[in-house]
Amino acid sequence: MSQTQQASSNKDRVLIFDTTLRDGEQCPGASMTLEEKLEVAELLDEMGVDIIEAGFPIASDGDFESVAEIAKRVKNAVVCGLSRAAPNDIDRCAEAVRGAKRARIHTFISTSPVHMKYKLQKEPHQVLELVTQQVTRARGHVGDVEWSAEDATRTEMDFLCRCVEAAIKAGATTINLPDTVGYSVPEEYAQMFRTVRERVPNSDKAVFSVHCHNDLGMAVANTLAGIAGGARQIECTVNGIGERAGNASLEEIVMALKVRGDAMPYDSGVEATMLMRASKLVSAVTSFPVQYNKAIVGRNAFAHESGIHQDGMLKHTQTYEIMTPESVGVSKTSLVMGKHSGRHAFKEKLKDLGYSLGENALNDAFTRFKALADRKKHVYDEDIEALVDDEILNAHDRIKVVALTVIAGTMGHQSATLTLDMDGQHITTQSTGNGPVDAIFNAIHKLAPHTATLDLYQVHAVTEGTDAQAEVSVRLSEGDAVVTGKGADPDTMVASARAYVSALNKLMAKRGRGGRPAAMNAGV
Ligand code: KIV
Ligand code: ZN
């Protein structure tokens, strides 16, 4: 069944034409290797994209090879290659897509006055002749031919209609009217399709297609307007990558149709739960990061930070979510905790993370969380885990860090002033060392003398960023007893002191004497 037949027998079905591997790959810095393109093409095919524009075969041998390879690999989708209005261009494209189960040649020419005069340096009547020639040549190779009027939105309407009529007469099965420079506005774009479809006598013989660029941020809005104007094929890219400001984003279109089916009664055949996977893959292979607040696939797209929003979400997800994260392939809603998060959200977060704390421990953990959130913009799951682990691990410690001041830098010995709570007694000392950590450990040693040796001191950042919490591990051994203590804090020095003290506490517990390690008794 041809695309035309398919579209006319499914009035409400819109075809998704993905051009990530052609228009998307065309943007500076987004080039992909053959293997990467194959991986993307296979995923697009699996997720139900109808047409995959695999590349521009005449552009290079590499482009030709990847279109040819994709054509062989893709199982369900139509595989399409792009070509200009030149015989060798079209023939090369035909050769590249030959191995496809369903092949399409997409051939284009500019129709706007500015493009014809300056880019093509041709008169309108010459362009009109080329339209017939290019489509006829393409049809000599395949039955599925798409013709595009480049810069259609800045093309004079009478001329556009004459070109479209000629293209359909020559055998084009799809007519694409692109907003090449992202200049149009929704109502105008919709009207262009209505007018062309009304005025061109053979317009019912082809599927009309939208192709929008995002220069004014209206690519998706224009795309949806074009569908309202009668188009039934949507050209788009994953993550909206493409020339300049990019193309209309596939994931936004698919979800707009899904979520607002009441206002836009059209279906795409795309499996929405694969959208996140596609986004991550395209981002990884192009090394183009996805904007944090990008609709549908940005890392904040389902994150709720303000206390009011988090509270609402916990009461009913529909308060602030118009679609579920699962519907686009995100495993769960991520409540980013911050200084505005309340106790309710914190308690729920702990539940999600698998913690069940008693009232006192919860209060202590919440106080520490608030202190952390004051110093750190976003508190992630890992931060909370580190904090609560530290709290649980060290809850029954007999020795605790109360206060610490460290002087470090290039001038002289580093020093630490440390106060420990030892069985309810606050004791302070000062010590120097070869570096701030050494000074802290010497201070601990002074307050709690012991014979244990330090086997390991390790620091790791719990999350990214310079404000990340440090998680320090300290391993001590005494005789055959080996213990590891952990401490977490945004201040690496405080985390180090906590970790060392935590290890000492464990050592005491391990000795099972209910007292301090032998040598410590002498000191304090
Ligand atoms: O933006 C555009 O006009 C294009 C055409 C080649 C279809 O990408
Ligand atoms: Zn384009």
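**Notes on the structure**

1. Thr 451 is found in the loop between helix 17 and strand 12 (453-461). The model discussed here and in every point below is a predicted one. The relative accessibility of Thr 451 is 55%, and the residue therefore counts as exposed, the cut-off being over 50%. Its side chain is joined to that of Glu 478 by a polar contact of 3.4 Å. Between Thr 451 and Ser 60 there are 71 Å in space, C-alpha to C-alpha, and the two are 391 residues apart in sequence.

2. Thr 155 belongs to the loop between strand 5 and helix 8 (157-170). Is Thr 155 buried or exposed? With 11% relative accessibility, Thr 155 counts as buried, because the limit for that class is under 20%. The side chain of Thr 155 reaches to 2.9 Å from the backbone oxygen of Asp 151.

3. The surroundings of the ligand deserve a separate point. Around ligand 1 stand Arg 22, Asp 23, His 106, Phe 108, Ser 148, Glu 150, Asn 176, Pro 178, Thr 180, His 211 and His 213. By class, the residues of this shell comprise two nonpolar, six polar and three charged.

4. Which distances separate polar side-chain atoms from oxygen atoms of ligand 1? For Thr 180 the distance from a polar side-chain atom to an oxygen atom of ligand 1 is 2.6 Å. For Arg 22 the corresponding value is 3.0 Å, and for Asp 23 it is 3.1 Å. Ligand 1 taken alone exposes 260 Å², of which the protein buries 94%. Two or more residues of the shell around ligand 1 come from each of these elements: helix 2 (20-24), strand 4 (103-110), strand 5 (145-150) and strand 6 (174-179).

5. Attention may now turn to the aromatic residues. The structure contains six aromatic pairs. One of them is formed by Phe 346 and Phe 366, with 5.5 Å from centre to centre and 50 degrees between the planes, a tilted arrangement. Phe 346 is part of helix 14 (residues 343-352) and Phe 366 is part of helix 15 (residues 359-375), so this pair ties together parts that lie 20 residues apart in sequence. Phe 346 counts as buried at 0% relative accessibility, and Phe 366, with a relative accessible area of 15%, is buried too. Phe 346, Phe 366 and Phe 369 together make up one aromatic cluster.

6. A further pair consists of Phe 441 and Tyr 500. Their ring centres are 4.3 Å apart and their planes stand at 50 degrees, so the pair is tilted. Where in the chain do Phe 441 and Tyr 500 lie? Phe 441 is in helix 17 (residues 436-447) and Tyr 500 in helix 18 (residues 492-511), and the pair thus links distant parts of the chain, 59 residues apart. Both Phe 441 and Tyr 500 are buried.

7. Arg 92 is placed over the face of Phe 64, at 3.7 Å from the ring centre.

Terms used:
Residues numbered from 1 in each chain as written. Chains lettered and ligands numbered in written order. Predicted model: local features only at pLDDT ≥ 70, side-chain atom pairs only at ≥ 80, totals over all residues. Heavy atoms only, no water. Near = heavy atom within 4 Å. Polar contact = N/O pair within 3.5 Å; in protein donor to acceptor, adjacent residues only side chain to side chain. Areas by Shrake-Rupley, 256 points an atom, 1.4 Å probe, with all protein chains shown as cover. Helix = DSSP H or I, 4+ residues; strand = E, 2+ residues; numbered from the N terminus. Nonpolar A, V, L, I, M, F, W, Y, C, P; charged D, E, K, R; others polar. Phe/Tyr/Trp six-rings, centres within 6.5 Å; stacked < 30°, edge-to-face > 60°. Buried < 20%, exposed > 50% of the residue type's maximum accessible area, 1.4 Å probe, protein only. Lys NZ or Arg CZ within 6 Å of the ring centre and 35° of its normal.
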